[in-house]
Amino acid sequence: MLECRDALLLEWKEKAQGEDLLARLRALEFMELTEHAQPIQELDVDLMLRTLDHIKVYENGVVVTVFLDGMEIEYKAE
């Protein structure tokens, strides 16, 4: 997420101006959480609970992480 923060920031700013109150809240939270963030070295449970919605794991090895702001990151193990 930190690697593409600049692109996400535009999306979050757009959502922060929208009419959906929950989307606005999530966008503002994600902007604040990532402003001075550094790559994590170990699992931060509090951060996970504040950002993660769910994880989808498929039989073909694809893992999709879905965040509370609606962003999805897909990973395929090789």
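User: Let's start with a single residue. Which residues does Ala-16 touch, not counting those up to four places away in sequence?
Analyst: Ala-16 touches Arg-24, Ala-27, Leu-28 and Met-31. Keep in mind that this is a predicted model.
User: Where does Ala-16 lie?
Analyst: Ala-16 lies in helix 1.
User: Is Ala-16 buried or exposed?
Analyst: Buried. Its relative accessibility is 12%, and the buried class means under 20%.
User: How far apart are the C-alpha atoms of Ala-16 and Leu-28?
Analyst: They are separated by 6.3 Å. Along the chain, the two residues are 12 apart.
User: OK, zoom out. How many helices and strands does the protein chain have?
Analyst: There are 3 helices and 3 strands.
User: In what order do the elements run from the N terminus?
Analyst: The order is α-α-α-β-β-β.
User: What box do the C-alpha atoms fill?
Analyst: Roughly 40 × 25 × 20 Å, taken along the principal axes.
User: What share of the residues is buried?
Analyst: Buried residues make up 22% of the 78 in the chain.
User: And what about contacts across the sequence? What share joins residues at least 24 apart?
Analyst: That share is 24%, counted among contacts between residues at least 6 apart in sequence.
User: Now the surface. What is the accessible surface of the chain?
Analyst: It comes to about 6200 Å². Carbon and sulfur atoms account for 53% of that.
User: Which residues make a nonpolar surface patch?
Analyst: Leu-43, Val-45, Met-48 and Leu-49 make one of about 390 Å².
User: Take Leu-43. Where is it found?
Analyst: Leu-43 is in the loop between helix 2 (21-35) and helix 3 (45-51).
User: Why does Leu-43 count as exposed?
Analyst: Because its relative accessibility is 59%, and exposed means over 50%.
User: And Met-48, where is that found?
Analyst: Met-48 is in helix 3. Met-48 is partly exposed, at 31% relative accessible area.
User: How far is Met-48 from Gln-38, C-alpha to C-alpha?
Analyst: The separation is 14 Å, for residues 10 apart along the chain.
User: Let's switch to charges. How many positive and negative side chains are there?
Analyst: The chain has 8 positive and 18 negative side chains. The centres of the two sets lie 3 Å apart.
User: Why might opposite charges pair?
Analyst: Side chains of opposite charge can pair when their charged atoms come close.
User: How many salt bridges does the count come to?
Analyst: The count comes to 4. We can look at some of them.
User: Start with Glu-11. Which side chain does it meet in a salt bridge?
Analyst: Lys-15, at 3.4 Å from N to O. Glu-11 and Lys-15 are 4 residues apart in helix 1 (residues 5-16), so about one helical turn separates them.
User: How exposed are those two, Glu-11 and Lys-15?
Analyst: Glu-11 is partly exposed, with a relative accessible area of 36%. Lys-15 is partly exposed too, at 27%.
User: What does Arg-26 meet in a salt bridge?
Analyst: Its partner is Glu-29, and the N to O distance is 3.4 Å. Arg-26 and Glu-29 both lie in helix 2, 3 residues apart, about one turn of the helix. Glu-29 counts as partly exposed at 25% relative accessibility.
User: And which side chain does Arg-50 meet?
Analyst: Asp-46, at 4.0 Å from N to O. Arg-50 and Asp-46 are 4 residues apart in helix 3, so they too are separated by about one helical turn.
User: How exposed are Arg-50 and Asp-46?
Analyst: Arg-50 is partly exposed, with a relative accessible area of 39%. Asp-46 is also partly exposed, at 48%.
User: One last stop. Where is Asn-60 placed?
Analyst: Asn-60 is in the loop between strand 1 (52-57) and strand 2 (62-67). Asn-60 is partly exposed, with a relative accessible area of 49%.
User: How far apart in space are Asn-60 and Lys-76?
Analyst: They are 8.5 Å apart, C-alpha to C-alpha. In sequence, Asn-60 and Lys-76 are 16 residues apart.

Methods. Residues are numbered from 1 along each chain as its sequence is written. This is a predicted model: local features need pLDDT of at least 70, side-chain atom pairs count only at pLDDT 80 or more; totals for chains, interfaces and linings use all residues. Side-chain values use heavy atoms; hydrogens and water are left out. Helices (H or I, at least four residues) and strands (E, at least two) are DSSP runs, numbered from the N terminus. Buried means under 20% relative accessible area, exposed over 50%, partly exposed in between (1.4 Å probe, protein chains only). Contact means heavy atoms within 4.5 Å. Accessible areas come from the Shrake-Rupley method with a 1.4 Å probe; for residues, only the protein chains shown count as cover. Lys and Arg count as positive and Asp and Glu as negative; His and the chain ends are not counted. The place of a charge is taken as NZ of Lys, CZ of Arg, CG of Asp or CD of Glu. Patches are made of residues with over 30% relative accessible area and no salt bridge: like charges are joined within 9 Å, nonpolar side chains (Val, Leu, Ile, Met, Phe, Trp, Tyr) within 5 Å.
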